[in-house]
Amino acid sequence: MTHAQQAADGSKSKALYGGTQQRRITVRDLAAAKERGEKWPMLTAYDAMTASVFDEAGIPVLLVGDSAGNCHLGYDSTVPVTMDEMAVLSAAVVRGTKRALVVADLPFGAYQEGPVQALRNATRLVKEAGVGAVKLEGGERSLPQTELLVRSGIPVMAHLGLTPQSVNALGGYYVQGRGEEAAQQLLRDAKAAQDAGAFAVVLELVPAELAAEVTRSLHIPTVGIGAGAACDAQVLVWTDMAGLTSGRVPRFVKRYAKLREALGEAAREYAQDVVGGTFPAAEHSFH
Ligand SMILES: Nc1nc(=O)c2c([nH]1)NC[C@@H]1CN(c3ccc(C(=O)N[C@@H](CCC(=O)O)C(=O)O)cc3)CN21
Ligand SMILES: CC(C)C(=O)C(=O)O
Ligand SMILES: [Mg+2]
């Protein structure tokens, strides 16, 4: 199909992935995709260059995750990540993209004090970094925050199931929503987030059947990570997806490249060339 034919074919041209639309994706586009039953991919990004690669690959939504804590900043969890750090990384991701909707995590401690603190910090990410939306963890417990942000004109993505900012309270990164009571709480949290005006909800590490039920019960899209195939969208941490993360990765990760091996090999070859005197060669030198 030519570009013009695609543009004439409404369904194809509007597609979040593989469509012809060049302007920046909005939360309205995500709502329309759920209506069409169209699935979409989301990845994290923490810097401008990587974000530009994903933007050019057509990924419609990029998350500046607080997973930057362990994937970019060298902490061992998301808990230490600060607003200053999220603001710098978010601004870089926005600068590196033309089309993707950029969503930034509010880090731990940036919204737990209440709605006013949440609004102050979310506003900073919108004004200073230029993000199109923010994400915060929790359903019913984060309701006042979500309501005030949405009323103030800041789109909110909710995050339920495993909420890594609570790792110290949860005692580890375990599957959530197992058992009837926990399943009912997750359904209430999802409904609460939707009623508060959230435009989407991340479901992390929940049984696939429960995620499917949440997806059917909501009119807003669900974004799964370790939550099965029925979700409206999927998200992965980009360093996991590309095989750059060192050591063990969660079971829900599929590796689509071996970047850690490829980069290590490039560094070793470069080092050998320098030590052996074969780099720089004549074509890399000036006379
Ligand atoms: N690199 C990276 N990838 C992620 O997906 C990620 C982060 N970092 N940091 C923030 C949170 C933490 N996440 C995690 C971390 C560990 C597991 C994990 O190992 N889970 C077990 C499940 C255990 C069970 O059965 O209950 C697993 O085997 O996947 C899951 C999610 C997801 N997020
Ligand atoms: C894994 C996603 C959902 C996230 O919150 C993050 O990357 O911080
Ligand atoms: Mg996060």
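Two residues are in contact here if their C-beta atoms, placed from the backbone, lie within 7 Å. Helices (H or I, at least four residues) and strands (E, at least two) are DSSP runs, numbered from the N terminus. This is a predicted model: local features need pLDDT of at least 70, side-chain atom pairs count only at pLDDT 80 or more, and totals for chains, interfaces and linings use all residues. Residues are numbered from 1 along each chain as its sequence is written, while chains are lettered from A and ligands numbered from 1 in the order in which they are written.

I'll start with helix α4, residues 48-56. Its buried residues are Thr50, Ala51, Phe54 and Asp55; buried means 20 or more other C-beta atoms within 10 Å of a residue's own, exposed means 12 or fewer, and partly exposed is in between, again with C-beta atoms placed from the backbone. Those four cover an arc of only 140° around the axis, which puts them on the same side of α4. The arc is that of the directions from the helix axis to the C-beta atoms. In general, an α-helix has 3.6 residues a turn, so residues three or four places apart point the same way. What do the buried residues of α4 pack against? They pack against β1 (40-44), β2 (61-64), α6 (83-95) and α12. Just after α4 comes Gly58, with a positive phi of about 90°.

Next, strand β2, which contains Leu63. Leu63 is buried, with 30 other C-beta atoms within 10 Å. Not counting residues up to four places away in sequence, Leu63 touches Met42, Thr44, Val103, Asp105, Lys135 and Val235.

Two of those contacts, Asp105 and Lys135, carry an annotation. In UniProt, an unreviewed entry marks Asp66, Ser67, Asp105 and Lys135 as "binding site". They span 70 residues in sequence, yet no two of their C-alpha atoms are more than 12.5 Å apart, so they gather at one spot. A caution on the record: UniProt positions are given in the numbering used here, feature names are shortened, and annotations may be inferred rather than shown by experiment.

Taking two of the four in turn, Ser67 is in the loop between β2 and α5. It is buried, with 22 other C-beta atoms within 10 Å. Leaving aside neighbours within four places in sequence, Ser67 is in contact with Thr44, Thr78 and Val237. Asp105 lies in strand β3, residues 101-105, and counts as buried with 29 C-beta neighbours inside 10 Å. With the neighbours within four places again left out, Asp105 is in contact with Leu63, Val64, Gly65, Asp66, Met86 and Lys135.

Now the ligands. Ligand 2 is surrounded by 13 residues, and the closest are Thr44, Gly65, Asp66, Ser67 and Val202. A residue counts as near a molecule or strand if its C-beta atom, placed from the backbone, lies within 6 Å of it. By class, the shell around ligand 2 has five nonpolar, five polar and three charged residues. Ala, Val, Leu, Ile, Met, Phe, Trp, Tyr, Cys and Pro count as nonpolar, Asp, Glu, Lys and Arg as charged, and the others, Gly among them, as polar.

Ligand 1 has 17 residues around it, of which Tyr173, Tyr174, Val237, Pro250 and Arg251 come nearest. That shell divides into 10 nonpolar, five polar and two charged residues. Helices α5 (68-71) and α12 (238-241) each supply at least two of its residues.

The same record, also as an unreviewed entry, gives Glu204 as "active site". Glu204 sits in strand β6, residues 200-204, and is buried, with 24 other C-beta atoms within 10 Å. Apart from neighbours within four places in sequence, Glu204 is in contact with His159, Gly161, Leu162, Ile225, Gly226 and Ala227. Leu205 is in the loop between β6 and α11. Its phi is near 50°, a positive value in a residue other than glycine, and Leu205 is buried, with 21 other C-beta atoms within 10 Å.

Strand β6 is also packed against by the buried residues of α10, as are α8 (143-151), β5 (156-161) and α11 (208-217). Those buried residues are Leu186, Asp189, Ala190, Ala192, Ala193 and Gln194. After α10 comes Gly197, with a positive phi near 110°.

One last item. The peptide bond from Phe279 to Pro280 is cis, with omega near 0°; Pro280 is in the segment after α13 (259-276).
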